[in-house]
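Welcome, and please open your viewer. We will go from stop to stop, selecting a few residues each time.

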Amino acid sequence: DAIVAFWNAPLAQPDHAARACRAAVRCQRKLAERRAEFERRTGVVLRARIGLNTGEATVGNMGSRERFNYTVLGDAANLASRLEGANKAFGTYAMVSESTWQSAGGGFAGRELARLKVVGRQTPVRVYELAGLPGDARPACWEDFGAARGLFEQGRFAEARTIFERWPDDPPSCAYAAKCRALTERPPEAWSGIWELNEK
């Protein structure tokens with residue numbers, strides 16, 4: 001748990017965002033390959049969530065005699081940690097910030113999830129689900145999901161819910177359908193289209 005990985009330090013790597021995305025996809029695939037083995041050994045279905053963000057950070061040797069590490073600190077690293085936890089709200093396992101998504105070149109299989117406001121930050125960030133490598137197939141539900149998410153951001157919750165409910169096997173669609181139900185029952189006084197999290 002709580003594995004931290006970073007790229008572009010100590011040596012420059014111009015394609016650091018793409019490297020991070022590839023590593024995330026490969027980690028999830030390797031875990032999927034070994035999931036049955038781990039379940040036999042432990043009796044538990046093992047899954048992992050990943051959060052990726054790109055930005056400036058402090059990198060170097062930090063700590064004390066008791067605990068010393070070459071690591072990364074700063075707001076950019078903190079946001080990556082928040083995105084890891086934010087996967088819970090959508091039923092996803094790899095969430096990427098807009099800065100990483102754009103820096104990676106946009107070729108990876110994924111979809112925009114939300115304009116998200118995480119705990120501890122005032123500014124929302126656009127986030128994406130990272131689902132595969134460049135060239136991988138896109139699931140059929142993604143087109144409907146994008147259309148419904150657009151309606152959601154406009155505050156047209158009933159219309160969006162109807163589309164989201166077409167895909168009961170897609171966790172983000174289910175999460176949005178539930179959110180639409182809640183917002184229809186208790187309409188907000190003002191609506192910004194932002195999904196705001198209340199817990200890490």
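Two strands pair if DSSP finds at least two bridges between them; helices (H or I, at least four residues) and strands (E, at least two) are DSSP runs, numbered from the N terminus. This is a predicted model, in which local features need pLDDT of at least 70, side-chain atom pairs count only at pLDDT 80 or more, and totals for chains, interfaces and linings use all residues. Residues are numbered from 1 along each chain as its sequence is written, and side-chain values use heavy atoms, without hydrogens and water.

Start with strand S4, residues 94-97. Ala94 and Val96 on one side, and Met95 and Ser97 on the other, are all buried (under 20% relative accessible area, with exposed over 50% and partly exposed in between; 1.4 Å probe, protein chains only). Strand S1 (residues 50-52) pairs with S4 in the parallel sense over 3 bridges, and leucine 52 stands opposite valine 96. S6 runs antiparallel to S4, joined by 3 bridges; here methionine 95 faces glutamate 129.

Next, select glutamine 28 in helix H1 (residues 16-42). Is glutamine 28 buried or exposed? It counts as buried because its relative accessibility is 17%. A polar atom of its side chain lies 2.8 Å from the backbone oxygen of alanine 48.

Finally, show the largest nonpolar core, with 26 residues. Such a core is a set of buried Ala, Val, Leu, Ile, Met, Phe, Trp, Tyr and Cys residues joined through side-chain atoms within 4.5 Å. Leu116, Phe152, Phe164 and Trp195 have the most contacts inside this core.

Key
Polar contact = N/O pair within 3.5 Å; in protein donor to acceptor, adjacent residues only side chain to side chain.
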